Amino acid sequence: MNSSDSNGLFDLSVTVNGTPVKRTVPTHLRLLDFLRDELRLTGTKEVCGEGECGACSVFLDGKLVNSCLILAVEAHNAEITTIEGLATGKKLTRLQQAFIDHHSVQCGYCIPGMVLAGENLLRGNPQPDRDAIRAALAGNICRCTGYQKIIDAVETVGKNQSQHTKSIEDNR
Ligand code: FES
Ligand code: FES
């Protein structure tokens, strides 16, 4: 920390969804509250506030984290991606589109965290099987869907990736 004052404030610099942001924030402010209340990025949700449900997931320097467990000042000079920053303009990611195609969303409250957890898995394991998907989403709780259609969406992206890779190899 380089700019904390005796009033418990901190001059925070952070890049959020590709945009540099500077704010003076209380040193005790959670990253979740900074995103939702200061920046109005309300796609990041709060349910448990204790690191148990995954609804508050964001990428912090490329690592999936629970923003309810992190102070905003811990993100100083870091890059954050929230669900609002995942798509490129109006072009959804393959996984976002797969959630729509598989009707994977009911109330939607868990979905930002689910999508980010799924994206995180696919970055490290582009063709995961269902067990790997279940394991990767184990930290994300959904009260509505029974999980199967969410798993279907992630699995489909992996299978499509597999077919895409195969057709490239066949054409060599
Ligand atoms: S609100 Fe952060 S893990 Fe539940
Ligand atoms: S869709 Fe409602 S909590 Fe998951």
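How far apart do the C-alpha centres of domain 1 and domain 2 lie? They lie 22 Å apart, and this tour shows you what is there.

Before you start, note that this is a predicted model: local features need pLDDT of at least 70, side-chain atom pairs count only at pLDDT 80 or more, and totals for chains, interfaces and linings use all residues. Residues are numbered from 1 along each chain as its sequence is written, while chains are lettered from A and ligands numbered from 1 in the order in which they are written.

**Stop 1: the two domains.** Select 9-85 for domain 1 and 94-163 for domain 2; such bounds come from an automatic or database domain assignment. Their contact takes 12 residues from domain 1 and 11 residues from domain 2 (in contact: C-beta atoms, placed from the backbone, within 7 Å).

**Stop 2: the side of domain 1 that touches domain 2.** Pick strand E3, residues 57-60, which gives the most to this side, with 3 residues. Helices (H or I, at least four residues) and strands (E, at least two) are DSSP runs, numbered from the N terminus.

**Stop 3: the sheet.** Now show the open sheet of 5 strands, ordered E2-E1-E5-E3-E4 with mixed pairing (strands pair if DSSP finds at least two bridges between them). At the edges are E2 (19-26) and E4 (63-66), each pairing on one side only.

**Stop 4: a strand pair.** Select E1 (residues 9-16): 8 bridges join it to E2, and the two run antiparallel. Zoom in on Asp 11, whose bridge partner in E2 is Thr 24.

Key
Two residues are in contact if their C-beta atoms, placed from the backbone, lie within 7 Å.
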